[in-house]
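I am opening this notebook to record what I looked up in one structure, entry by entry.

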Amino acid sequence: MTKADIVNEIAKKTGIDKTTVLTTVEAFMDTVKESLSNDENVYLRGFGSFVVKRRAQKTARNISKNTTIIIPEHNIPAFKPAKTFTISVKNQ
């Protein structure tokens, strides 16, 4: 499902016009991205959590040049679904 599909589905279910729904969906995504970039987690009860995870420094290999490189520690965004959400998907 794409963002356009989500907008169409919400517009159909709520009766709100698509441009308003699109603006709302994009504002939601911008807010989540901004919160995560400020190292703040986003919790949506019953749906899941958008969290920032810390990846440790590690040594990797560049196979083409046969050299080792060090990948520094860094943050990555992650999504952890709520338990009820996981159960509902599992039982489908």
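Which domains does the domain assignment of the protein give? I read off domain 1 (1-39) and domain 2 (42-91), with bounds that come from an automatic or database domain assignment.

Before going further, I note that this is a predicted model, in which local features need pLDDT of at least 70 and side-chain atom pairs count only at pLDDT 80 or more, while totals for chains, interfaces and linings use all residues. Residues are numbered from 1 along each chain as its sequence is written, and side-chain values use heavy atoms, with hydrogens and water left out.

Entry on the domains. I looked up the separation of the centres of domain 1 and domain 2, taken over C-alpha atoms, and found 23 Å. To the contact between them (heavy atoms within 4.5 Å), domain 1 gives 5 residues and domain 2 gives 7 residues.

Entry on the aromatic rings. I took rings of Phe, Tyr and Trp (its six-membered ring) as paired if their centres lie within 6.5 Å, with planes under 30 degrees apart counted as stacked, over 60 as edge-to-face and the rest as tilted. By this rule I count 3 aromatic pairs. One of them joins Phe 47 and Phe 79, a tilted pair at 5.4 Å centre to centre with 50° between the planes. Because Phe 47 lies in the loop between strand S1 (42-44) and strand S2 (48-55), and Phe 79 in strand S5 (residues 74-81), this pair ties together parts that are 32 residues apart in sequence; strands here are DSSP runs of E, at least two residues, and helices are runs of H or I, at least four residues, numbered from the N terminus.

The rings of Phe 50 and Phe 79 are also tilted, with centres 5.0 Å apart and planes at 50°. Phe 50 lies in strand S2 and Phe 79 in strand S5, so that pair ties together parts 29 residues apart in sequence. Ring pairs link Phe 47, Phe 50, Phe 79 and Phe 85 into a cluster.

Is Phe 50 buried or exposed? With a relative accessible area of 19%, Phe 50 is buried (under 20%; exposed is over 50% and partly exposed in between, with a 1.4 Å probe and protein chains only). Phe 47 is partly exposed at 38%, and Phe 79 is partly exposed at 35%.
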